[in-house]
Amino acid sequence: MLKDTFVIRPRYDEVDQMGYVYHANYVAYCHQARTELLRKFGINDKNLEASGIMMPVIGMNLKYHRPGHYDEPLTITTIIHEMPAVRFNFTFEIRNERNELVCSAESTVVFVDANTRKPMKAPEMVINALAPVFEPAIL
């Protein structure tokens with residue numbers, strides 16, 4: 001399992017009239033947290049796209065537990081439970097300063113060939129970057 005955290009402060013334009021983070025912004029927060037986790041392993045959309053690989057989202061589920069607020073630090077924990085194959089699954093927990101769960105989410109992306117738009121196996125650059133985390137330690 002791979003776990004990483006990312007902190008974001010909702011901007012004024014990201015809250016609704018009630019002062020709550022607008023519900024659709026949590027999707028963007030999850031995407032940003034996923035991007036930052038993968039960047040730590042040398043994986044980013046720019047490099048993947050330059051290699052002819054895209055990762056469209058094919059599933060996104062969110063559950064709202066309590067509101068997040070303007071300028072309130074929100075900690076997003078991104079979890080990858082298993083090595084990707086064709087699909088790449090992510091779990092997210094978004095918590096406020098009091099460590100209360102604000103939103104939980106799951107996202108699935110699929111690796112596709114940029115030219116044919118057909119699904120493909122996870123590229124070697126991704127497998128090689130994540131292998132040290134998921135391969136069992138040799139004693």
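**The cavity and the fold**

Modeller: The structure holds one cavity of 30 Å³ or more (a set of points on a 1 Å grid over the protein atoms alone, where a 1.4 Å probe fits but cannot get out). This is a predicted model, where local features need pLDDT of at least 70, side-chain atom pairs count only at pLDDT 80 or more, and totals for chains, interfaces and linings use all residues. Residues are numbered from 1 along each chain as its sequence is written, and side-chain values use heavy atoms, with hydrogens and water left out.

The largest cavity has about 30 Å³ of space (the volume filled by probe spheres set on the points, which are joined across faces, edges and corners). Its lining is made up of Thr35, Leu38, Ile43, Asn44 and Asp45 (lining residues have an atom within 4 Å of a point). Two of the lining residues are nonpolar, two polar and one charged. Here Leu and Ile count as nonpolar, and Asp as charged.

Now the fold. The protein chain has three helices and seven strands (DSSP runs, H or I of at least four residues for helices, E of at least two for strands, numbered from the N terminus). In sequence order the pattern is β-α-α-β-β-β-β-β-β-α.

Five strands form an open sheet, in the order E1-E4-E5-E6-E3 with antiparallel pairing (two strands pair if DSSP finds at least two bridges between them). Strands E1 (2-8) and E3 (57-64) are the edges, each pairing on one side only. Neighbouring strands are turned by 15° against each other on average, direction ignored (axes are lines fitted to C-alpha atoms, for helices over the stretch in contact; angles run from 0 to 180 degrees between N-to-C directions).

E3 and E6 (residues 101-110) run antiparallel, joined by seven bridges. Glycine 59 stands opposite threonine 108 in E6.

Helices lie across this sheet. Helix H1 (residues 25-39) lies across E1, E3, E4 (74-80), E5 (87-95) and E6, at about 60° to E4. Helix H3 (residues 124-134) lies across E1, E4 and E5, at about 105° to E1.

Last, the whole chain. Of the 139 residues, 40% are buried (under 20% relative accessible area, 1.4 Å probe, protein chains only). Among contacts with a separation of 6 or more, 68% join residues 24 or more positions apart (contact means heavy atoms within 4.5 Å). The C-alpha atoms fill a box of roughly 45 × 45 × 20 Å along the principal axes.

Note on methods. On a 1 Å grid over the protein atoms alone, a cavity is a set of points where a 1.4 Å probe fits but cannot get out, and a pocket is an open set with protein on both sides within 12 Å along at least five of seven lines; lining residues have an atom within 4 Å of a point. Buried means under 20% relative accessible area, exposed over 50%, partly exposed in between (1.4 Å probe, protein chains only).
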